[in-house]
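Visitor: Hi, I'm new to this one. Can you put it up so we can go through it together?
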Amino acid sequence: MRQWNQFLEPYKQAVDELKIKLKGIRSQYNLEDIHTPIEFVTGRVKPLASIYDKTLEKGIPFEPSAELAAELPDIAGLRMMCQFVDDIGTVVEILRQRKDLKVIEERDYISNKKPSGYRSYHVIIEYPVQTIDGEKTIFAEIQIRTLAMNFWASIEHTLNYKYEGEMPPAINHRLEKAAEAAFRLDEEMSLIRDEIQDAQQYFSAFKEYATRG
Ligand code: 0O2
């Protein structure tokens, strides 16, 4: 267990650091009083049980090793949720421009949704972590998606877990319908985007005025 803890420590540090940095982008937009492309950010280190499942799936040894780190680039995982589909491109561009991480792979499951109906934009990065033994560069996965995509994915993930990947056809069918509904919701929100943003700006100006007394 000690070996696993030592192996996972830089990933924990990376998740903690990246959460602060990515939330910082949102704060900067808020200070400028302009629409923030980031609604909220979450992060986690992949639980050992999920790492174990993935090693079985991929047919690699379940041991803390360079092979495991290369085969599972999402041991450190971050999610960035956006209000609008267009915000996703803005966020990806911000990540590409950053000097403290390097984007090495992009997977666009928005233009090419998965057969399950899953939609999201995945970015794999290299991120340097400072440890007592010097710098260690790790991989991390950042998933960027709208609130509607996130809602669908978290429900589907829970159901998949419940049915251990063997989803009853009726539920599968409902999930396909739900994925279409989430897609339409994103489209509709994009169409009234200007209206929503005006209202949000008006609301935050009102809140500031009210708290100033
Ligand atoms: P968890 O519990 O979120 O960590 P590959 O093996 O290279 O073919 P892989 O490893 O599936 O592809 O990578 P991919 O496709 O980029 O997806 C990795 C992660 O994306 C998953 O991690 C999920 O978080 C999410 N994801 C991908 N497909 C789906 C889907 O159909 N439904 C949902 N809800 N999420 C999905 P994990 O490790 O599977 O899960």
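Visitor: Where does S111 sit?
Guide: This is a predicted model, and in it S111 falls in the loop between strand 3 (102-108) and strand 4 (121-131).

Visitor: OK, new topic. Which residues are around the ligand?
Guide: They are K46, S50, K54, D74, R107, K114, S116, Y118, H122, A153, E156 and H157.

Visitor: And which helix gives the most to that shell?
Guide: Helix 5 does, with three residues. Helix 2 (48-58) and helix 5 (147-162) each supply at least two.

Visitor: How does the shell split by class?
Guide: There are six charged, four polar and two nonpolar residues around the ligand.

Visitor: Now helix 4. Which of its residues are buried?
Guide: In helix 4 (residues 85-97), the buried ones are V85, D87, I88 and V91. They are on the same side of the helix, because they cover an arc of only 135° around its axis.

Visitor: What's on the other side of helix 4?
Guide: E93 and Q97 are there, and they are exposed.

Visitor: What do the buried residues of helix 4 pack against?
Guide: They pack against strand 2 (76-82), strand 4, strand 5 (134-146) and helix 6 (169-191).

Visitor: Last one: what does the UniProt annotation cover?
Guide: The unreviewed UniProt entry has "domain: RelA/SpoT" on residues 43-167. That span is 37% helix and 33% strand, and its end C-alpha atoms lie 27 Å apart.

Note on methods:
Residues are numbered from 1 along each chain as its sequence is written. This is a predicted model: local features need pLDDT of at least 70, side-chain atom pairs count only at pLDDT 80 or more; totals for chains, interfaces and linings use all residues. UniProt positions are given in the numbering used here, feature names are shortened, and annotations may be inferred rather than shown by experiment. Helices (H or I, at least four residues) and strands (E, at least two) are DSSP runs, numbered from the N terminus. A residue is near a molecule or strand if its C-beta atom, placed from the backbone, lies within 6 Å of it. Ala, Val, Leu, Ile, Met, Phe, Trp, Tyr, Cys and Pro count as nonpolar, Asp, Glu, Lys and Arg as charged, and the others, Gly among them, as polar. A residue is buried if 20 or more other C-beta atoms lie within 10 Å of its own, exposed if 12 or fewer, and partly exposed in between; C-beta atoms are placed from the backbone. The arc is that of the directions from the helix axis to the C-beta atoms. Two residues are in contact if their C-beta atoms, placed from the backbone, lie within 7 Å.
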